[in-house]
Amino acid sequence: MTVNLPNNFQMLLGLYAYLLPLLLYALFSTVALWDIGRRDGLSAAAVWLWPLAIFALPFVGAVAYLFVGGSSLAPRTKFLAVGGVAAYLVVLGLGAAIGGIS
């Protein structure tokens, strides 16, 4: 029986594929909750429902708030959310292409 161990690059991609979603979730949720806390024009129901959606639907809730929830953040800040998801997809694609992530 032959055991093939991953090389260093495959291990690094596997680590990024594991940790990057956790980092993105923490970042998106923090930015969305911070924006909810500093907005003045939200109704009491929205102040309760958006955080509930952010925590109940981890990625979907925060990204939905940032793009359709009337976030007061600058467009370049919202673009960073798209860039984070794109970076994760690149890591997954590269890892699958070289066999580091199955």
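Q: Buried means under 20% relative accessible area, and exposed means over 50%. By that rule, is S29 buried or exposed?

A: A caution before the case: this is a predicted model. S29 has a relative accessible area of 5%, so S29 is buried. Its place is in helix α1.

Q: Which residues does S29 touch, leaving out those up to four places away in sequence?

A: Contact here means heavy atoms within 4.5 Å. With that sequence limit, S29 touches I54, P58 and A62. Take A62 next. A62 sits in helix α3. The relative accessible area of A62 is 0%, so A62 counts as buried.

Q: And which residues does A62 touch, with residues up to four places away not counted?

A: The list for A62 is F28, S29, A32, I54 and L57, under that limit.

Q: How do I read distance in sequence against distance in space? What are the two values for V3 and S29?

A: Take C-alpha to C-alpha. V3 and S29 are 26 residues apart in sequence and 40 Å apart in space. V3 belongs to the segment before α1. With a relative accessible area of 58%, V3 is exposed. Now another pair. L49 and M11 lie 38 residues apart along the sequence, and their C-alpha atoms are 40 Å apart. L49 is part of helix α2. Its relative accessibility is 53%, so L49 counts as exposed.

Q: How do I read the faces of a helix? Which residues of α3 are buried?

A: List the buried residues, then look down the axis. Helix α3 runs over residues 58-68, and G61, A62, Y65 and L66 are buried in it. Seen down the axis of α3, these buried residues fall within an arc of 125 degrees, so they line one face of the helix.

Q: Which exposed residues does the face turned away from the buried side of α3 carry?

A: That face of α3 carries V60 and V68.

Q: What do the buried residues of α3 pack against?

A: Three helices: α1, α2 (44-56) and α4 (75-98).

Q: What happens just after α3?

A: Check the backbone angle there. G70 takes a positive phi of about 75 degrees. The end of α4 can be read in this way too. Just after α4, G99 has a positive phi of about 90 degrees.

Q: Which residues of α4 are buried, and what do they pack against?

A: K78, A81, G84, V91 and G95 are buried in α4. The partners of the buried residues of α4 are α1 and α3.

Q: Now charges. How many salt bridges does the count come to?

A: One salt bridge. To count, a side-chain nitrogen of Lys or Arg must come within 4 Å of a carboxyl oxygen of Asp or Glu. D35 and R38 form a salt bridge, with their closest N and O atoms 3.5 Å apart.

Q: Where do D35 and R38 lie?

A: Both are in helix α1 (residues 8-38). They are three residues apart, about one turn of the helix. D35 is buried, at a relative accessible area of 0%. R38 is partly exposed, at 40%.

Q: Last, the surface. Which residues make the nonpolar surface patch?

A: F9, L12, L15, Y16, Y18, L19, L22, L94 and I98 make a patch of about 850 Å². The elements that give two or more residues to the nonpolar patch are α1 and α4. The largest share, seven residues, comes from α1.

Q: What is the relative accessible area of L19?

A: A patch residue needs over 30% relative accessible area. L19 has 38%, so L19 is partly exposed. L19 is found in helix α1.

How values were computed:
Residues numbered from 1 in each chain as written. Predicted model: local features only at pLDDT ≥ 70, side-chain atom pairs only at ≥ 80, totals over all residues. Heavy atoms only, no water. Helix = DSSP H or I, 4+ residues; strand = E, 2+ residues; numbered from the N terminus. Buried < 20%, exposed > 50% of the residue type's maximum accessible area, 1.4 Å probe, protein only. Arc of directions from axis to C-beta. Patch = residues over 30% accessible without salt bridge, like charges linked within 9 Å, V, L, I, M, F, W, Y side chains within 5 Å. Areas by Shrake-Rupley, 256 points an atom, 1.4 Å probe, with all protein chains shown as cover.
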